[in-house]
Amino acid sequence: MTSRYRATESVNSPSPRRRTVVKAAAATAVLAGPLIAALPAGAATETPAFLHGVASGDPLPDGVLLWTRVTPIAEAVPGSGLGPDTEVSWTVATDKAFTNIVSRGSLTATAASDHTVKADIRGLAPATDYFFRFSAGGTDSPAARTRTAPAADANVSGLRFGVVTCANWEAGYFSSYRHLAARGDLDAWLHLGDYIYEYKSGEYGTRGTVVRPHAPLNEIITLADYRTRHGKYKTDPDLQALHLKAPVIAIWDDHEFADNAWSGGAVNHTEGAEGTWTARQAAAKQAYFEWMPVRPAIEGTTYRRLRFGKLADLSLLDLRSFRSQQASSGSGAVDDPDRTITGRAQLDWLKAGLKASDTKWRLVGNSVMIAPFVVGSLTADLLKPLAKLLDLPQDGIGVNTDQWDGYTDDRRELLAHLRTNAIGNTVFLTGDIHMSWANDVPVDAGTYPLSPSAATEFVITSVTSDNLDDIVKVPEGTVSALAAPLIQLANRHVHWVDTDRHGYGVLDITADRAQMDYYVLSDRTSATATSSWERSYRTRSGTQKVERTYDPV
């Protein structure tokens with residue numbers, strides 16, 4: 001837990017490891033300088049301050065999870081292990097002026113939780129906007145809006161979610177968050193993984209250039225490192241703005257740990273030289289749950305399920321904690337039934353939840369692409385940069401073994417379950433690949449479209465992380481114009497792919513259809529980047545297929 005309740009009060013109803021970083025003053029003097037970079041300029045203070053914003057997440061019909069981080073003294077920067085225990089109170093109201101308070105209480109922020117706190121508020125009304133803020137030592141945090149989910153049995157006419165993924169600090173500015181915050185019409189927003197990146201400074205920027213340096217400058221390995229990096233991200237004004245406007249529903253992918261992570265290691269982890277994977281993974285998970293408004297259903301994982309009335313439920317996956325190591329490209333190991341991307345318990349949980357669902361739509365928050373993707377028809381000049389993006393050999397590849405293509409037995413079992421039990425209206429919402437896609441998910445891609453489609457998938461491009469045109473270092477749209485037709489020719493279930501642009505999605509759901517509007521940024525390296533609608537695709541109820549539509553919602 002990131003905090004402990006000291007006292008709670010509801011006006012209308014009840015509300016509900018690593019080693020110590022600094023052991024002596026000498027160590028404090030060494031660490032304080034580098035860690036201060038995680039704070040905004042001019043942030044030094046001797047009174048409590050809320051320098052990292054406030055956030056809410058995981059909305060329920062009767063509650064929501066509230067989060068903040070307090071800086072009690074100037075030296076208590078993220079990851080320092082410094083600072084006194086500090087009482088932090090929270091207040092929830094139905095109005096921005098906080099004249100109608102419905103719930104309030106207090107918590108204690110401690111160095112043991114990096115001075116982060118979470119309040120799991122209950123006793124609220126369903127499908128209702130609320131406003132909340134924190135206070136400490138006479139200082140108030142910014143006030144934020146959140147929203148509860150509809151009642152489980154409610155007839156809901158529509159839902160609207162922002163959708164984002166892959167936000168690399170050094171590659172640019174988070175304008176996608178700013179544009180989503182400006183909408184004012186979101187029930188919640190989904191972050192599908194890679195909320196932070198673990199690399200050392202300069203290793204992964206914009207076409208090899210650092211737009212803005214992160215902290216710490218080294219690759220993050222220890223608990224202090226992960227805390228510092230999370231703290232740096234939470235100083236971003238666009239990210240803070242979105243957290244102020246709507247609750248987030250987040251899952252992790254590999255970069256919250258290290259590139260191409262699996263249960264026993266990662267491509268970007270050297271056992272021994274960088275400590276043990278067990279310790280690094282534990283540090284990353286601890287920092288994540290401290291710094292993110294995520295309510296784990298099972299401690300140490302992000303797989304869980306949320307419901308939004310009778311219209312939709314959302315199964316959120318953890319595809320890093322339990323997966324087998326990625327197979328070598330082109331090897332038969334991708335079909336090995338003993339290898340898994342979900343783990344047995346999670347796959348059984350997902351299948352049971354999909355079968356038992358009585359909602360109109362079954363959404364799956366999915367960090368890596370589930371639709372098959374064969375790239376063998378691409379020419380060498382396109383194949384090599386694509387292989388680089390996917391961390392695969394550049395001398396010819398058949399599949400990306402880091403996504404569901406590398407774990408075909410799990411995918412076959414899941415898709416067969418959907419077909420055998422006539423489970424329709426299943427929509428996978430996916431990140432990771434730094435491209436936009438609109439896919440049918442065929443039972444047998446080799447015979448599609450004769451083979452039925454078991455589900456559909458909307459893949460969202462990166463907020464800032466490099467995509468194909470960035471790797472090749474050519475003007476935006478150049479690679480996509482050449483690669484997209486070839487990808488679609490070899491993959492008839494792919495209705496659209498854009499390999500080049502950065503942006504975000506807006507998912508709008510009604511009883512008749514689920515529609516994804518794709519938006520792109522003018523320039524990720526500009527703090528004032530504009531946003532424009534690019535395309536929209538939808539799946540109509542009962543079809544299990546994607547089709548283009550020509551207007552955003």
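Me: Which residue forms a salt bridge with Asp 120?
Reply: In this predicted model, the partner of Asp 120 is Arg 295, and their closest N and O atoms are 3.0 Å apart.

Me: Where do Arg 295 and Asp 120 sit in the chain?
Reply: Arg 295 is in the loop between helix H5 (277–291) and strand S15 (304–308), whereas Asp 120 belongs to strand S6. The pair links distant parts of the chain, 175 residues apart.

Me: Is Arg 295 buried or exposed?
Reply: Arg 295 counts as buried, because its relative accessibility is 17% and the cut-off for buried is under 20%.

Me: How many salt bridges are there in the whole structure?
Reply: A search of the whole structure gives 35 salt bridges. One of them joins the side chains of Asp 114 and Arg 69, with an N to O distance of 3.6 Å.

Me: What is the relative accessibility of Asp 114, and of Arg 69?
Reply: Asp 114 has 2% relative accessibility and counts as buried. Arg 69 is at 0% and also counts as buried.

Me: Turning to Glu 476, which residue does its side chain meet in a salt bridge?
Reply: The side chain of Glu 476 meets that of Arg 501, at 3.9 Å from N to O. Glu 476 is in the loop between helix H9 (468–472) and helix H10 (478–490), and Arg 501 is in the loop between strand S21 (494–498) and strand S22 (503–509), so this pair ties together parts 25 residues apart in sequence.

Me: Why does Glu 476 count as partly exposed?
Reply: Glu 476 counts as partly exposed because its relative accessibility is 40%. Arg 501, at 24%, counts as partly exposed as well.

Me: Which residues do salt bridges with shared partners join into one network?
Reply: The network consists of Arg 160, Arg 183, Asp 185, Asp 508 and Arg 513.

Me: Now the overall fold: how many helices and strands does the protein have?
Reply: The secondary structure comprises ten helices and 25 strands.

Me: And what share of the residues counts as buried?
Reply: The protein has 553 residues, of which 62% count as buried. Its accessible surface is about 19,000 Å², and carbon and sulfur atoms account for 54% of that area.

Definitions and conventions. Residues are numbered from 1 along each chain as its sequence is written. This is a predicted model: local features need pLDDT of at least 70, side-chain atom pairs count only at pLDDT 80 or more; totals for chains, interfaces and linings use all residues. Side-chain values use heavy atoms; hydrogens and water are left out. A salt bridge is a side-chain nitrogen of Lys or Arg within 4 Å of a carboxyl oxygen of Asp or Glu. Buried means under 20% relative accessible area, exposed over 50%, partly exposed in between (1.4 Å probe, protein chains only). Helices (H or I, at least four residues) and strands (E, at least two) are DSSP runs, numbered from the N terminus. Accessible areas come from the Shrake-Rupley method with a 1.4 Å probe; for residues, only the protein chains shown count as cover.
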